[in-house]
Amino acid sequence: MQLFVFIFVVFLACQLNIANAQDSICRRTTVGRGAGSAVVSLCNADEQEVASLCYPRCQNGYENIGSNICRKIGCDGLIGATDIGVSCEKPPAYGRGAGYIFTDQQTCIRENGSCEMWGAMWYPTCRFGYSPFGCCICSPNCPREYIDDGAFCQKPSYGRGVGVSRLGCASGLQYDAGLCYIPCPSDRNGVGPLCWSRCGGQTPVECGIFCTSSAEKCADITLQIVGSAVRVAANLAGTNVLGAILAIFDGANQIMEPNSC
């Protein structure tokens, strides 16, 4: 197996440096342009990147949670509240006493300023920002749009849809096969990390690493290379190492070192 690999590599090396002596074929030259860099997310100004996807930015006063959820920031001015993330824990509630019998409304008002009836009893009206919870407790009100969960105020939130992929190359770079490269000079074509000379003049047809005068000439050179490769493989399959070596040099002898394009 190691011998096969060695012979095949030698064969390929021969083929990469061959060409017809006529002016109908030349070997393309290359220059490097670096290893390339990864693509980046090119989100719009009104978008936010999360995990390589672009989402609409959250409204003012909201923050992104996870990827596609925007949730209210803070407790919206609820004094004494504790922000616990998804909700705000209310400040302590307070009791408003045992109440007054239904005939003692004036006594309740005289002693508390304002009263309201709950069931058959009168109770002091809850302070501003509080509401009655049952008969005897005044619980803090949740800010507008928050959901009152008793001892907690659940924050408002909304979804911002499915993220959009906007992967691409930064300004001045060129995309090729998943990476970003410095553009090649105008007289060369970029393929991965290499810039290949363009075909033109008497050899306008691209034929792999060669330029040829016509598609027929390209097919002819390709058949020579492929034909030699088939004979190498067949001889090796039959353990005819000598035949494989002769096939390599038979293919190489049909061609000569080409001029550079």
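Biologist: Which residues line the largest pocket?

Modeller: The lining consists of Gly-77, Leu-78, Ile-79, Pro-91, Phe-128, Gly-129, Tyr-130, Pro-140, Asn-141 and Cys-142. This is a predicted model, in which local features need pLDDT of at least 70 and side-chain atom pairs count only at pLDDT 80 or more, while totals for chains, interfaces and linings use all residues. Residues are numbered from 1 along each chain as its sequence is written, and side-chain values use heavy atoms, with hydrogens and water left out.

Biologist: What makes a set of points a pocket and a residue part of its lining?

Modeller: On a 1 Å grid over the protein atoms alone, a cavity is a set of points where a 1.4 Å probe fits but cannot get out, whereas a pocket is an open set with protein on both sides within 12 Å along at least five of seven lines; a lining residue has an atom within 4 Å of a point. The largest pocket holds about 180 Å³ of space, a volume being the space filled by probe spheres set on points joined across faces, edges and corners.

Biologist: How many of the lining residues are nonpolar, polar and charged?

Modeller: Seven are nonpolar, three are polar and none is charged. Ala, Val, Leu, Ile, Met, Phe, Trp, Tyr, Cys and Pro count as nonpolar, Asp, Glu, Lys and Arg as charged, and the others as polar, Gly among them.

Biologist: Why is Lys-90 called buried?

Modeller: Buried means under 20% relative accessible area, exposed over 50%, and partly exposed in between (1.4 Å probe, protein chains only). Lys-90 has 10% relative accessibility, so the residue counts as buried. Lys-90 lies in the loop between β10 (87-89) and β11 (94-95); such strands (E, at least two residues) and helices (H or I, at least four) are DSSP runs, numbered from the N terminus.

Biologist: Which polar contacts does the side chain of Lys-90 make?

Modeller: A polar contact is a pair of N or O atoms within 3.5 Å; within protein, one must be able to donate a hydrogen and the other to accept it, and residues adjacent in sequence count only if both atoms are side-chain atoms. The side chain of Lys-90 meets that of Asp-148 at 2.9 Å, and one of its polar atoms lies 3.0 Å from the backbone oxygen of Pro-140.

Biologist: Where does Asp-148 sit in the strand pairing?

Modeller: Asp-148 stands opposite Cys-153 in β18. Strands β17 and β18 (residues 152-154) pair antiparallel over two bridges, and two strands pair if DSSP finds at least two bridges between them, so this count meets the cut-off.

Biologist: Why are β9 and β17 called edge strands?

Modeller: The open antiparallel sheet runs in the order β9-β10-β18-β17. β9 (82-83) and β17 (147-148) each have a single partner strand, so one side of each is left without a neighbour in the sheet.

Biologist: Which residues is Ser-41 in contact with, leaving aside neighbours within four places in sequence?

Modeller: Contact means heavy atoms within 4.5 Å. Ser-41 is in contact with Glu-49, Ser-52, Leu-53, Arg-166 and Leu-167.
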